[in-house]
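Please open the model in your viewer and follow the selections below in order, keeping in mind that this is a predicted model.

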Amino acid sequence: MKIFEEVESEVQSYARSFPRVFHRAQGEFLYDEDGNEYLDFLAGAGTLNYGHNNPLFKETLLEYIHSDGITHGLDLHTRAKGEFLQVFSDHILKPRNLDYVMQFTGPTGTNAVEAAMKLARNVTGRENVICFTNGFHGVSLGALAATGNSHHRGAAGVSLNGVTRMPYDGYLGEGIDTTAYLDKVLCDSSSGVDTPAAVIVETVQGEGGINAASFEWLRNLQTVCKKHDMLLIIDDIQAGCGRTGTFFSFEDVGIQPDIVTLSKSLGGYGLPFAVVLIKPELDQWKPGEHNGTFRGNNFAFVTAKAAIEHYWQDTAFSRDVQRKGEYVSHRLAAIVEKYGDGNLTTRGRGMFQGINCVDGEVAGAITRQAFKRGLIIETSGADDQVVKLLCPLIIGDENLERGIDIIEQAVKDACARSKPLPEEFDFFDNVRRIA
Ligand SMILES: *Cc1c(COP(=O)(O)O)cnc(C)c1O
């Protein structure tokens, strides 16, 4: 462990919560150097929807490497890229009646967001982009401007401009449709909000605390976008690739975003990969305007194609994720009811759910307790107050049950500990009884 303290920067984050040296992983399991096994409910923060080292893609990737397939290809046409485009078009876009062209950006989510916002500004000739409270879109400066979190924003060192923040669904309490407020300020030439190029939004806010927007709110948001001639950008980097139960998190909503960003689980094998989906008429890039050395991660093309072929040719996988999502809902509701004392609530949809503990200390105590029992799970939200379940979607039923059993034990322990002693509690009487 010493080498990490001595040589690696203080910027480390997840490593602090799980101070072990990991060296092997398979499916929903991680193993440390001492041979301990951990159930992984963090799963690369939503990057390992198909599990660690998925055996269905491993052979394909190894064969590709053995045959000297292209590894790095800038943005050259390669067979691997062509085959990925074909499969994505045939099995993802066409069956959903979606008409998009695909831009390959540098392989991180934040780079896809940069490209999406840049394109929206260039196409409309406007600067302002509407973003939302608790939104997370990455940490490079353009994307960071759209991100809410003050900890991340504080590191920028420059002013973060070009956006206007609006309240997300539910931010002002139940029964208040915040898209009505957005519409109002855009109708009012004295509101102080410049006519925006676009709106960027997550359908379920991952890092912001698993806040799920209602379908009605998302439809109203699209209506406001159309009314004011703004582009709708859905950042599906964490919620997409099946996490909510469908490939795109917006499929069942009945909206058609103008631009979509995808990354995290898109590469399938945990390999870096990011794309922007663009309505053809908006694809007004000039050659090379947004470039990057690593836009052609051909290993990721190979595994992304395999993931789509194995999991998205029919609806079986999607239905299975929905079934597991219902199980998670059911279990979390029971846990909150049993131990929450009215202080805990559940949130999210599909396999993108969490327990809101309101208090970051309680949530932290739960994840620490869980880790002691062999479960890796993280928190999210402004105060790290939400315990966030992000297990691989391919997880076996038994392990899903086992993981949630551990969460239940951890919640039970953490809640018992944080509960104030009853007024009539007689400490000495208790000591006497224990003795
Ligand atoms: C993770 C994430 C990003 C940023 O992706 P990176 O690969 O970390 O740059 C952007 N948007 C959303 C919704 C994310 O969850």
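**A helix pair, a strand and the cysteines**

Begin by selecting helix H9 (residues 178-187) together with helix H10 (residues 215-227), whose axes come within 9 Å and cross at roughly 10°. Because angles under 35 degrees count as roughly parallel, H9 is roughly parallel to H10. Now show the side chains where the two helices meet: Thr178, Thr179, Leu182, Asp183, Leu186 and Cys187 belong to H9, and they are in contact with Trp217, Asn220, Leu221, Val224 and Lys227 of H10. Coloured by class, the residues of this contact divide into six nonpolar, three polar and two charged.

Next, select strand S7 (residues 198-201), from which Ala198 and Ile200 point one way while Val199 and Val201 point the other way, all of them being buried.

Finally, select the cysteines: how many disulfides does the structure hold? It holds zero. For cysteine 131, the closest cysteine sulfur is that of cysteine 225, which at 13 Å is too far for a bond, and cysteine 131 is itself buried, with a relative accessible area of 0%. Cysteine 391 is likewise in no disulfide, the nearest cysteine sulfur, in cysteine 241, being 16 Å away, and cysteine 391 is buried with a relative accessible area of 2%.

How values were computed
Residues are numbered from 1 along each chain as its sequence is written. This is a predicted model: local features need pLDDT of at least 70, side-chain atom pairs count only at pLDDT 80 or more; totals for chains, interfaces and linings use all residues. Side-chain values use heavy atoms; hydrogens and water are left out. Axes are lines fitted to C-alpha atoms, for helices over the stretch in contact, and angles run from 0 to 180 degrees between N-to-C directions. Helices (H or I, at least four residues) and strands (E, at least two) are DSSP runs, numbered from the N terminus. Angles under 35 degrees count as roughly parallel, over 145 as roughly antiparallel, 65 to 115 as roughly perpendicular and the rest as oblique. Contact means heavy atoms within 4.5 Å. Ala, Val, Leu, Ile, Met, Phe, Trp, Tyr, Cys and Pro count as nonpolar, Asp, Glu, Lys and Arg as charged, and the others, Gly among them, as polar. Buried means under 20% relative accessible area, exposed over 50%, partly exposed in between (1.4 Å probe, protein chains only). A disulfide is a pair of cysteine sulfur atoms within 2.5 Å.
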